[in-house]
Amino acid sequence: MVERSPARLPRPIVAGYIEIDMDQLIQGYRKFRQNVWPDERARYQALAKMGQSPDALVISCSDSRVDPQSVFGAVPGQLFVVRNVAGLVPPYSPDGRPRGTSAALEFGVRVLKVPKVVVLGHAQCGGVRAMVEGAPAEARDFVEPWMKIAQPVLDRGRMQPGCTDPLTYYEMEVLRLSLAHLRTFPWIEDAVQAGRLELCGFRFDIHTGILEQMKDDRLVPVE
Ligand SMILES: [Zn+2]
């Protein structure tokens, strides 16, 4: 989720900021057809003919600054991506209600049989901020109840000693919670136990562009 910002920023104020309107989207598509499609045609046609067989299922925040395909240098067909506010994984609860993230997990793990499930957290997460500081008034119909999925993180109590930035601490705890929730899905746990599925956690720092990987319950910069 994009962090709260004042209305719309005029184009020249922030370096690299591009205001997108519908015409720009159409122009972007035309560039894709002209510059990308000729070289990628064979890949797309093979994917259409053979179907997809992605290397990983990635659960990431919807934040426009954290694009899994860019961060992992992936190409179309490589990643089955699920994006939601804060990149949350809910606990397994097959109650017959429509549950988008769980549906994507079911399809990716049970039908596509991905060998990896990756949770990609990030710095400056507006969803985590909404959980810790309260959702903005305009985002209480859905964002506030959605972030209740991560309520156990708040219930567990305060920051660990030595951690000075509450948001960074809670972003890490939310990542840990999502990884733990993955294992409440019985067919994920079975696949992990059978060695058919690996679960990984990463955190991307938007400011530095550094990716950290969860190893032995700690985040370590990727070399
Ligand atoms: Zn976010």
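**Close-up views of a predicted model**

View 1. Six strands, 6 in number and mixed in their pairing, form an open sheet in the order β2-β1-β3-β4-β5-β6, where strands pair if DSSP finds at least two bridges between them, and where strands (E, at least two residues) and helices (H or I, at least four) are DSSP runs numbered from the N terminus. Because β2 (79–84) and β6 (218–221) stand at the edges with a single partner strand each, one side of each is left without a neighbour in the sheet. Direction ignored, neighbouring strands are turned by 30° against each other on average. The model is predicted, so local features need pLDDT of at least 70 and side-chain atom pairs count only at pLDDT 80 or more, while totals for chains, interfaces and linings use all residues. Residues are numbered from 1 along each chain as its sequence is written.

**View 2. The pairing of β4 with β5.** Strands β4 (residues 198–204) and β5 (residues 211–215) run antiparallel and are joined by 3 bridges. Phe204 stands opposite Leu211 in β5.

View 3. After α4 comes Gly134, whose phi is positive, near 100°.

Methods: Axes are lines fitted to C-alpha atoms, for helices over the stretch in contact, and angles run from 0 to 180 degrees between N-to-C directions.
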